[in-house]
Amino acid sequence: LLNYVTKSSIVQTESTDPTTVPSSPYFKQVADKLTSDLTTYSSFSFTANTAGVSETNFSCLRLGRMCFVSGMMKPKIAGTPLSLGSLSIKPVNGIFFHISAFDRVGGWGTFGTDGILSCNIATTMIGENCIVNFTYVAAE
């Protein structure tokens, strides 16, 4: 690595020059700013079907218009589609995502432009901890 990066190639500012690399203090400053700009929004509501899921634990983060949803749920019923809830920050386009257990994919879900989160849970996943992760661009 030392043969490829010379001291003069390490820069303290943003650079598009392919022969330069950011210094570690500069990189840390940029990474810390990105982390601090992430905001938590708690506008996720499971009231659309409280009978369908239990033990929900979701994190919803936003950076500008990028939204990151991650969490776990334990379905009580299987369904096609099972409406889980809604998010007040709606996506530009509808999205499709996988729902998995620790050792297998257990279903799929959709998040529509109306803000409704729906899924199709396999019967074998009832009572299992299911993992949900997806990213989307906010419409607003």
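This is a predicted model: local features need pLDDT of at least 70, side-chain atom pairs count only at pLDDT 80 or more; totals for chains, interfaces and linings use all residues.
Buried here means under 20% relative accessible area.

**Aromatic pairs**
- The structure has 5 aromatic pairs.
- One of them is Phe97 with Phe134, a stacked pair at 4.6 Å centre to centre with 20° between the planes.
- That pair ties together distant parts of the chain, with Phe97 in strand E8 (residues 95-100) and Phe134 in strand E11, 37 residues apart.
- Phe97 has a relative accessible area of 5%, and the cut-off for buried is under 20%, so Phe97 counts as buried.
- Phe134 comes in at 6% relative accessibility, so it is buried by that cut-off too.
- Phe134 also pairs with Phe111, this time tilted, with 5.6 Å centre to centre and 45° between the planes.
- Here again distant parts of the chain are linked: Phe111 sits in strand E9 (residues 105-111) and Phe134 in strand E11, 23 residues apart.
- Phe97, Phe111, Phe134 and Tyr136 make up one aromatic cluster.

**The nonpolar core**
- In soluble globular proteins, nonpolar side chains tend to be buried together.
- The largest nonpolar core in this model has 24 residues.
- Met73, Phe97, Ile99, Phe111, Phe134 and Tyr136 have the most contacts inside that core.
- Strands E5 (53-63), E6 (66-75), E7 (79-87), E8, E10 and E11 each put in at least two core residues.
- E11 gives the largest share of the core, 4 residues.
- Skipping residues up to four places away in sequence, Phe134 touches Cys67, Phe68, Val69, Ile95, Phe97, Phe111 and Leu117.

**Ser118 in strand E10**
- Ser118 belongs to strand E10 (residues 116-121).
- Its relative accessibility is 13%, and since buried means under 20%, Ser118 counts as buried.
- Leaving out neighbours within four places in sequence, Ser118 contacts Pro81, Leu82, Ser83, Leu84, Phe97, Trp108, Gly109 and Thr110.

- Met66, Phe68, Val92 and Val137 make a nonpolar surface patch of about 270 Å².
- With a relative accessible area of 35%, Val137 is partly exposed.
- Val137 can belong to a patch because patch residues need over 30% relative accessible area, and Val137 has 35%.
- Phe68, another member of the patch, is among the residues that Phe134 touches.

Methods: Residues are numbered from 1 along each chain as its sequence is written. Side-chain values use heavy atoms; hydrogens and water are left out. Patches are made of residues with over 30% relative accessible area and no salt bridge: like charges are joined within 9 Å, nonpolar side chains (Val, Leu, Ile, Met, Phe, Trp, Tyr) within 5 Å. Accessible areas come from the Shrake-Rupley method with a 1.4 Å probe; for residues, only the protein chains shown count as cover. A salt bridge is a side-chain nitrogen of Lys or Arg within 4 Å of a carboxyl oxygen of Asp or Glu. Buried means under 20% relative accessible area, exposed over 50%, partly exposed in between (1.4 Å probe, protein chains only). Rings of Phe, Tyr and Trp (its six-membered ring) pair if their centres lie within 6.5 Å; planes under 30 degrees apart count as stacked, over 60 as edge-to-face and the rest as tilted. Contact means heavy atoms within 4.5 Å. A nonpolar core is a set of buried Ala, Val, Leu, Ile, Met, Phe, Trp, Tyr and Cys residues joined through side-chain atoms within 4.5 Å.
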